[in-house]
Amino acid sequence: MTLASVLVVEDESAIAELISLNLRHAGYEVTLASSADQAELAISKVLPDLVLLDWMLPGESGLSLAKRLRSQERTKSLPIIMLTARGEEVDRVAGLDAGADDYIAKPFSTNELMARIRAVLRRKAPEALDTVVEVGGLRLDPSTRRVSRAGQEVKVGPTEFRLLHFLMTHPERVHSRAQLLDRVWGDHVFIEERTVDVHVKRLREALSTVQCSSMIETVRGAGYRLTQHTQTTTS
Ligand code: CA
């Protein structure tokens, strides 16, 4: 099953530990940061699927970090949920204005936190959830790790599975190799871009067994796209 990664940015260690315990129990992969600086360092290494960002941090505030993440190309659509002790409407608006996708006032229940996380992921990073996805007759089930078309199973390796999952949850959009490394491999620094080409080739070979290899299009000079309009010429 796919594990979504969550970066928890919270300076109060008791709260940070409680949140991370609950997230891990629910199957998420958790990284902790106790300041905006630490959070940025963590993000520069690996892009998480979602950031839980406390407003009140020592040094730079969570609000200011959220604004900066939104202003940068690599992190502009990174899902962010703000955590805060403040419950005022004006703060809620400020948080959303800064680019947060949602906002939770402390104290909150674990159930509420989990529901908000799932809702934001469903909207912005559906590849991080284990919901079955179907595009153009191709069916992918993250919980059983099965890919099939009209009942015929397609054998794919773990990396090709993650790549296909990402492409199927973001169909008809062009993704650059750097974006795919960030979102599928979680590493845009140490892995070469041609690694993407190698796995796309393997994925096409696997999909050719169910006549779906042309769903993965190469977009010259831009990257790759999954489409269900397979009559389009591929290059
Ligand atoms: Ca705090």
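These questions and answers take terms used for this predicted model and set its values against their definitions.

Q: How do you know which residues and atoms the values refer to?
A: Residues are numbered from 1 along each chain as its sequence is written, and side-chain values use heavy atoms, with hydrogens and water left out. Because the model is predicted, local features need pLDDT of at least 70 and side-chain atom pairs count only at pLDDT 80 or more, while totals for chains, interfaces and linings use all residues.

Q: What makes residues 5-126 a domain?
A: The domain assignment of the protein chain gives domain 1 (5-126) and domain 2 (133-226). Such bounds come from an automatic or database domain assignment, so the name rests on that assignment. The C-alpha centres of domain 1 and domain 2 lie 28 Å apart.

Q: How many residues does each domain bring to the contact?
A: Eight come from domain 1 and nine from domain 2, where contact means heavy atoms within 4.5 Å.

Q: What is the area buried between domain 1 and domain 2?
A: It is about 640 Å², and carbon and sulfur atoms give 44% of it. Leu47, Arg74 and Pro126 supply 56% of the area that domain 1 buries against domain 2, more than any other three residues.

Q: Why is the pair Asp182 and Arg74 called a salt bridge?
A: The term needs a side-chain nitrogen of Lys or Arg within 4 Å of a carboxyl oxygen of Asp or Glu. The closest N and O atoms of Asp182 and Arg74 are 2.7 Å apart, so the pair meets the rule. Across the interface of domain 1 and domain 2 the rule finds one salt bridge, and the structure holds 21.

Q: What makes Lys106 and Glu12 a salt bridge?
A: Their closest N and O atoms are 3.7 Å apart, therefore the pair also falls under the cut-off. The pair links distant parts of the chain, 94 residues apart, with Lys106 in the loop between β5 (102-105) and α5 (110-124). Helices (H or I, at least four residues) and strands (E, at least two) are DSSP runs, numbered from the N terminus.

Q: How do you know which residues are donors of the calcium ion?
A: Donors are N, O and S atoms within 2.8 Å of the metal (3.2 Å for Na, K and Ca); water is not among the atoms, so sites may look incomplete. Asp11 (OD), Glu12 (OE), Asp54 (OD) and Met56 (O) lie 2.0 to 2.8 Å from the calcium ion, so they count as its protein donors.

Conventions:
Buried area = accessible area lost by both parts, 1.4 Å probe.
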